[in-house]
Amino acid sequence: FIGEDVKSPYGGAFKVAAGLSDAYPDRVFSTPISELAITGIANGLALGGFRPVLEIMFGDFVTLAFDQILNHSSKFHDMYNGGVNCPVVIRTPMGGHRGYGPTHSQTLDKFLAGIDGIKVVALNTFCPPAELYSNILKHETCPVIVLENKTDYGSKSSYLRSEMLRNHRLRRSDGLFPAYKVEPAYSSPDVCLIAYGGTVDAVLRATERLFFDHEILAAVLVLTQIHPINPGELSICAPRVYVVEEGSAAYGFGSEVIATLVESGQSFEKVGRIASLPVAIPSARSLESQVLIGFEQIVDRVVGDFHE
């Protein structure tokens, strides 16, 4: 396990590695501040038969490691005709809603999910982190990028979710990185909201508000693996579909999901992308909340379309 300031007593910027170097002193290494260099080191370890887990302190800094990911990690297997694997695991916190400003709050998932030869998975509050990482380390031989939303670090199974599930069914798909579907238990949904990562709780809150304030029944589909997308997980039983993401909409997750749905032959009354504004993220919390997606924007968009 390598990364900047990951050893005790610091344990990383979000304390994910707290105590890890005490338990495994010979397997945890703090590194200099050079994302490009430490990603190259992780690639070399992976090629040498190790299973390195690399922490990039903030997701914004993954841009500094982009060359090692795009031109090296993702290509070794094919460049050497399948003779080598590069099972590096790169994990990084993404997202805003913490007041960290324009260079520490971005959601850059769409740039990573556009790289062939890697898998991109996103933790969410339905997905146990220990299970996800166990599946990666036991079964994956390709590079895997794990996105962890900052606001989810302190989240547990919420009161909101337990209340919702009294009147909803929760289904989980098979596979290493399952999708989760929350559907009304007694009626067909009017709309399906597709989300991943840190947007999940906002979508669940929006689902509650849509029902109680507007009598709109919503189903929620949560994807864990966002690249490559598994078309079999996109079985939608609602006339309207919206894809919610914390990054900006252009060329993003929503675009890919909707294209996949259309190519599979499914048709809908309405499809749409709900995303953050395409501007630099303000440090002031009052302005940040206007730029980044929240449950209010989701509700307003869905209700507004119903009243067109």
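There are 0 disulfides in this structure, a disulfide being a pair of cysteine sulfur atoms within 2.5 Å. Take Cys86: its sulfur lies 9.7 Å from the closest cysteine sulfur, that of Cys142, which is too far for a bond. Cys142 is likewise in no disulfide. Cys86 has 2% relative accessibility, so it counts as buried; buried means under 20% relative accessible area, exposed over 50%, partly exposed in between, with a 1.4 Å probe and protein chains only.

A word on the source. This is a predicted model, where local features need pLDDT of at least 70 and side-chain atom pairs count only at pLDDT 80 or more, while totals for chains, interfaces and linings use all residues. Residues are numbered from 1 along each chain as its sequence is written, and side-chain values use heavy atoms, with hydrogens and water left out.

Now the chain as a whole. It has 11 helices and 13 strands, which are DSSP runs numbered from the N terminus: helices are H or I with at least four residues, strands E with at least two. Of its 308 residues, 50% count as buried. The C-alpha atoms fill a box of roughly 60 × 45 × 35 Å along the principal axes. Among contacts with a separation of 6 or more, 76% come from residues 24 or more positions apart; contact means heavy atoms within 4.5 Å.

Glu148 counts as buried because its relative accessibility is 5%. Beyond its neighbours within four places in sequence, its contacts include Arg91, Tyr133 and Tyr153. Asn124 is 24 residues from Glu148 in sequence, with 7.7 Å between their C-alpha atoms.
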